[in-house]
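Hello,

Here is the structure I promised to pass on. Have a look at it first, and my notes follow below.

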Amino acid sequence: MTDLFSVDGKTVLVTGGSRGIGLMIARGFVAAGARVIISSRSAEACEAVAEELSAAGRCEAIPADLGRDEGVQGLAATVRDRVGHLDVLVNNAGATWGAPLEDYPESAFDKLWALNVKAVFRLTAALLPALRAAAGPDDPARVINIGSVDGIRVPAMEVYAYSATKAAVHMLTRNLAHQLAGERITVNAIAPGPFESKMMAFALNDPGTRAAIESQVPLGRIGRPEDMAGTAIYLASRAGAYLTGAVIPVDGGLTTHG
């Protein structure tokens with residue numbers, strides 16, 4: 001049973017891995033014995049986190065700005081040169097934008113589409129040679145896209161571009177899963193609910209707002225790092241080898257409200 005959930009020795013790339021949900025996932029993979037590469041736009045933050053995680057295992061940094069296609073292609077080229085094969089790609093890097101409906105800027109859609117959707121597609125395509133090199137009939141290569149419950153249900157906040165792009169990530173996940181199944185590459189998405197992250201800090205740092213959010217979650221709490229890391233490790237392990245095209249809400253039951 002331990003082997004069933006093992007990711008020991010696997011090579012994993014986590015985009016947006018220097019903070020928030022990406023860091024939770026990266027830290028979990030390092031602790032589980034994987035070789036982890038983290039990427040983020042800030043080279044300083046990326047290197048600092050990689051050094052910290054290296055105390056517990058194997059972690060290295062490749063900074064990249066995935067909001068630009070040059071950054072996507074540069075990251076993919078560096079990863080291909082450095083590791084040869086890639087067992088797991090976690091497309092986590094993303095951004096949000098909130099504003100009232102009549103003031104919502106067109107630039108928000110441009111920025112979030114480029115990072116939240118286009119970069120997921122372009123990076124996955126660019127890393128297909130490395131994923132194919134790792135893929136096998138009993139242990140496929142894995143792509144894990146980070147969506148959001150806000151792409152499943154209508155969010156309470158005015159985050160129009162964010163929720164639309166996350167819904168797009170979920171559909172892109174299904175498309176890629178169908179296309180790549182024959183190549184023994186699975187593609188799944190995790191749709192997080194409320195977790196401690198920069199995106200949620202404005203709400204969770206306020207005791208009253210935090211309590212209100214917790215009261216809406218059927219399980220009565222904010223997500224913990226092990227909730228996110230555990231789901232990603234399951235999808236990357238032999239236990240998740242037969243799952244593809246799924247969007248898994250990790251939200252304490254929040255989406256059961258509809």
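A term to start with: a nonpolar core here is a set of buried Ala, Val, Leu, Ile, Met, Phe, Trp, Tyr and Cys residues joined through side-chain atoms within 4.5 Å. Please keep in mind that this is a predicted model.

The largest such core has 42 residues, and those touching the most other members are Leu 13, Leu 66, Leu 75, Leu 89, Leu 123, Leu 127 and Leu 131. Two or more residues each come from helix 3 (69-83), helix 4 (106-126), helix 5 (128-134), strand 5 (141-146), helix 6 (160-180) and strand 6 (185-192). Apart from this core lies another, of 31 residues, including Ala 26, Leu 53, Ile 146 and Val 250.

If you zoom in on Leu 66, its contacts beyond four places in sequence include Val 72, Leu 75, Ala 114, Leu 115 and Leu 123.

Then there is Asp 251, in the segment after strand 7 (247-250). Asp 251 is buried but has no salt bridge. Which side chain of opposite charge is nearest to Asp 251? That is Arg 153, 6.8 Å away, and a salt bridge would need the nitrogen and oxygen atoms within 4 Å. The side chain of Asp 251 does reach the backbone nitrogen of Gly 253 at 2.9 Å, and it makes a polar contact with the side chain of Thr 255 at 2.6 Å.

Finally, an unreviewed UniProt entry annotates residues 10-193 as "domain: Ketoreductase". In the model, this span is 48% helix and 17% strand, with its end C-alpha atoms 27 Å apart.

Enjoy exploring!

Notes
Residues numbered from 1 in each chain as written. Predicted model: local features only at pLDDT ≥ 70, side-chain atom pairs only at ≥ 80, totals over all residues. Heavy atoms only, no water. Helix = DSSP H or I, 4+ residues; strand = E, 2+ residues; numbered from the N terminus. Buried < 20%, exposed > 50% of the residue type's maximum accessible area, 1.4 Å probe, protein only. Lys, Arg positive; Asp, Glu negative; His and termini not counted. Polar contact = N/O pair within 3.5 Å; in protein donor to acceptor, adjacent residues only side chain to side chain. Contact = heavy atoms within 4.5 Å. UniProt positions renumbered as here; feature names shortened; annotations may be inferred.
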